[in-house]
Amino acid sequence: MQTSLFPKFQKTALKARQTEAKNILQTIYTAQEMHKAEYLKYADQLIDLSIGIPDDGVYKYTIKLDATGYKYVVTAKGNLDEDDIEDTWTMNEKRELKNTINDITDVVLKNIKNVNTNAKK
């Protein structure tokens with residue numbers, strides 16, 4: 001019984017990290033709208049937005065601005081576990097949020113397989 005609880009707890013903890021990334025992407029979106037209102041274009045660097053993003057966080061954030069300055073994609077990438085997969089989220093100027101690579105799905109499935117394998121032994 002106890003071994004089956006671990007993957008559920010781990011999934012909850014990892015989802016909390018994803019929620020933090022989504023909240024920071026929302027903060028960046030809001031800051032971008034304020035920047036556009038003042039400078040008539042979006043910022044191409046996070047430092048230009050004057051917002052606090054934790055340096056010790058799991059995710060790293062980047063902005064990719066198109067040549068016109070009117071479209072952008074912010075990307076949050078972070079490795080939530082010890083594998084090679086980076087959880088990846090994007091948000092654009094239309095406020096479209098996407099989880100393009102989900103590191104949690106991989107982790108949870110891997111742990112469930114391990115628990116099932118160990119239970120059969």
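The answer below describes the sheet and then the backbone angles.

A: This is a predicted model, in which local features need pLDDT of at least 70 and side-chain atom pairs count only at pLDDT 80 or more, while totals for chains, interfaces and linings use all residues. Residues are numbered from 1 along each chain as its sequence is written, and side-chain values use heavy atoms, with hydrogens and water left out.

Four strands form an open sheet in the order β1-β2-β3-β4, with antiparallel pairing. Strands (E, at least two residues) and helices (H or I, at least four) are DSSP runs numbered from the N terminus, and two strands pair if DSSP finds at least two bridges between them. Because β1 (60-65) and β4 (97-101) are at the edges with a single partner strand each, one side of each has no neighbour in the sheet. Neighbouring strands are turned against each other by 25° on average, direction ignored; the axes are lines fitted to C-alpha atoms, and angles run from 0 to 180 degrees between N-to-C directions.

Strand β2 (residues 72-78) is joined to β3 (residues 87-92) by six bridges, whereas four bridges connect β3 and β4. Thr 88 in β3 stands opposite Lys 77 and has Ile 101 in β4 as its bridge partner.

Most residues other than glycine have a negative phi. In the hairpin of β3 and β4, with four residues between the strands, Arg 95 takes a positive phi near 70°. Arg 95 is partly exposed, at 46% relative accessible area (buried is under 20%, exposed over 50%, partly exposed in between; 1.4 Å probe, protein chains only). Ser 50, in the loop between α1 (2-39) and β1, has a positive phi near 55° and is exposed at 69%.
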